[in-house]
Amino acid sequence: MSRTSRVLASVSLGYVQLALSMLFGLWFTPVLLHRIGSSDFGLWAAGMPILVYVALVDFGVLTIFQRDVAFALGEAQGEPANIVLLPSMVGATLRLVLLQMPFLLAAVVIAWVCLPARWNALHIPLAITLSCLVVTFPFRLYHALLAGLQELRFLGTLSIVTWGLGAVASATLVFAGCRLNALAISWSMSQLVMYGGCFLRVRSRFPRAIAGGLPPLTRTEAKAKLGKGFWVIVSQVAVTMAAGTDLVVIAARLGPSMVTPYTITDKLVTMANNLPLMILAAAQPALSELSTSGARERLSNVCFGLTRAVLLVSGLIATVVVIVDQGFVDWWIGPSEFGGRALVFLLVADMLTGHWTAATIYALFSFGNERLISVISVTGGILTLGATILLVGRLGPMGAPLAAIIVRALVTLPVLLSATSRAIGGQVGSLLWSVISLFWRLCLLLGAGVLATRSWIPRTVLQLSVAGTAAVLVYAVVMSPLAFSGPLGVYTRPRFIALRRWLGRGLARPG
């Protein structure tokens with residue numbers, strides 16, 4: 001299977017899972033709010049970033065391992081059997097991960113002990129999830145190995161199965177009266193199934209990869225691996241600070257109950273936010289392979305095309321959300337949980353700038369520029385955290401997305417775009433020009449959407465469906481020239497032509 005086909009298969013499976021999770025969320029969130037209350041709902045949302053912080057104890061080792069496996073796959077011409085050093089790579093990384101376990105246990109204890117006393121409803125659920133994190137920590141290596149080997153179809157299928165089991169478990173336990181413990185148990189079960197399934201896949205399909213045991217790991221080798229991972233973990237901490245701490249700040253400064261209208265208003269953005277990120281995550285191993293396979297000269301066009309694809313999907317989400325979000329919240333939960341049109345617009349702008357930043361970071365990471373990514377990301381993360389604390393205190397929940405937008409626009413994006421331009425041998429102007437034609441069209445569409453909601457708000461299922469469909473069709477007409485031109489058109493045009501031929505043959509069949 002070609003690189004592009006693997007990426008498309010992974011993204012397609014991700015979209016299937018996203019559609020299922022959206023349908024489940026539409027039904028389950030009102031039920032959850034009714035059964036556990038607004039305060040506990042906000043506590044759970046604010047507590048999830050704590051798990052992300054604790055999981056960063058791996059020091060970026062697995063992220064680097066996944067990229068190294070992808071590099072090795074590129075050098076082996078896409079044949080895992082030709083990667084001679086794979087068993088030693090797996091064994092050395094696993095040994096290092098096991099050596100990190102005491103630090104993980106220390107982080108778990110600190111996270112649980114430092115939980116505010118007034119968040120007492122979160123103590124037991126957090127203990128359950130943190131315990132699962134400890135158990136599954138070594139098994140995350142096998143997920144990273146499969147991603148590096150580009151077993152993307154299997155990972156996508158397993159993710160859907162895992163999500164389904166977790167959804168059934170959470171609904172069953174909530175109806176049984178387990179409150180927040182239900183969410184903790186279902187989350188833990190999903191993690192166990194996901195990483196256990198990855199281990200079994202590696203054992204059955206790539207047994208040679210785990211046949212090397214645990215080779216000795218010298219201090220020099222460990223230091224080298226941790227040194228490469230250091231910049232990755234700094235970057236991941238920065239991303240968490242910038243993207244996951246807004247709920248914690250709102251809960252701490254305004255109270256857990258204020259988290260609920262913020263998350264409800266942000267629900268459509270949150271559910272659809274992963275659509276562009278799935279493209280990036282699926283493409284990253286292929287980018288890493290491409291950078292070492294003698295085709296580095298193609299990376300410039302690939303990066304331009306990938307960025308445009310991500311922003312086209314992000315812009316579609318933004319256009320639909322601006323038009324339907326208020327009516328969606330009114331129909332779904334009730335008008336009391338809507339945070340306001342200004343908050344919707346800021347959340348959409350935050351998503352767009354976040355996706356642009358993510359696309360640039362993925363490209364730079366594939367070139368091996370993790371140190372630069374980490375420095376600028378941690379700088380942006382610290383600035384975003386400080387700005388969020390300041391602006392949330394003055395503007396309320398709207399301060400959180402506004403802080404992220406300001407920091408990205410003034411600090412993060414200018415530096416990342418300049419670095420990407422140097423990496424691909426181009427100019428900053430070329431990178432900006434590749435998205436300017438998209439953004440001016442998008443500004444017109446968003447402006448029209450804001451004006452439309454002033455005179456009419458869709459509130460029934462039929463009205464929401466009609467408004468959403470109309471937004472998609474108008475967006476497709478306006479943006480289609482960009483989807484089929486330039487570097488992106490190299491990938492989209494042949495598949496569109498093949499789809500049109502397939503549909504033509506189907507319509508031509510008698511009966």
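## Salt bridges and cores

Asp 350 is buried, at 16% relative accessibility. Its salt-bridge partner is Arg 408, with the closest N and O atoms 2.5 Å apart. Arg 408 is buried too, at 14%. Asp 350 sits in helix 14 (residues 341–366) and Arg 408 in helix 16 (residues 399–423), so the pair ties together parts that are 58 residues apart in sequence.

The model is predicted. Mean pLDDT for the chain is 82, and 81% of residues reach 70 or more. Where pLDDT is low, coordinates should not be read in detail.

The whole structure holds five salt bridges. Among them are these:

| Pair | Closest N to O distance |
|---|---|
| Asp 40 and Arg 179 | 2.9 Å |

Asp 40 is buried, at 13%. Arg 179 is partly exposed, at 37%. Asp 330 is buried, at 16%, while Arg 459 is partly exposed, at 39%.

The largest nonpolar core has 110 residues. Helix 1 (residues 3–55) supplies its largest share, 14 residues. Phe 65 is one of the members touching the most others. Beyond its sequence neighbours within four places, Phe 65 contacts residues including Met 89, Val 90 and Leu 145.

On the surface, Leu 432, Trp 433, Ile 436, Trp 440 and Leu 444 form a nonpolar patch of about 570 Å² accessible area together. Ile 436 belongs to helix 17 (residues 428–455).

Technical notes. Residues are numbered from 1 along each chain as its sequence is written. This is a predicted model: local features need pLDDT of at least 70, side-chain atom pairs count only at pLDDT 80 or more; totals for chains, interfaces and linings use all residues. Side-chain values use heavy atoms; hydrogens and water are left out. pLDDT is the predictor's confidence in each residue, from 0 to 100. Patches are made of residues with over 30% relative accessible area and no salt bridge: like charges are joined within 9 Å, nonpolar side chains (Val, Leu, Ile, Met, Phe, Trp, Tyr) within 5 Å. Accessible areas come from the Shrake-Rupley method with a 1.4 Å probe; for residues, only the protein chains shown count as cover. A salt bridge is a side-chain nitrogen of Lys or Arg within 4 Å of a carboxyl oxygen of Asp or Glu. Helices (H or I, at least four residues) and strands (E, at least two) are DSSP runs, numbered from the N terminus. A nonpolar core is a set of buried Ala, Val, Leu, Ile, Met, Phe, Trp, Tyr and Cys residues joined through side-chain atoms within 4.5 Å. Buried means under 20% relative accessible area, exposed over 50%, partly exposed in between (1.4 Å probe, protein chains only). Contact means heavy atoms within 4.5 Å.
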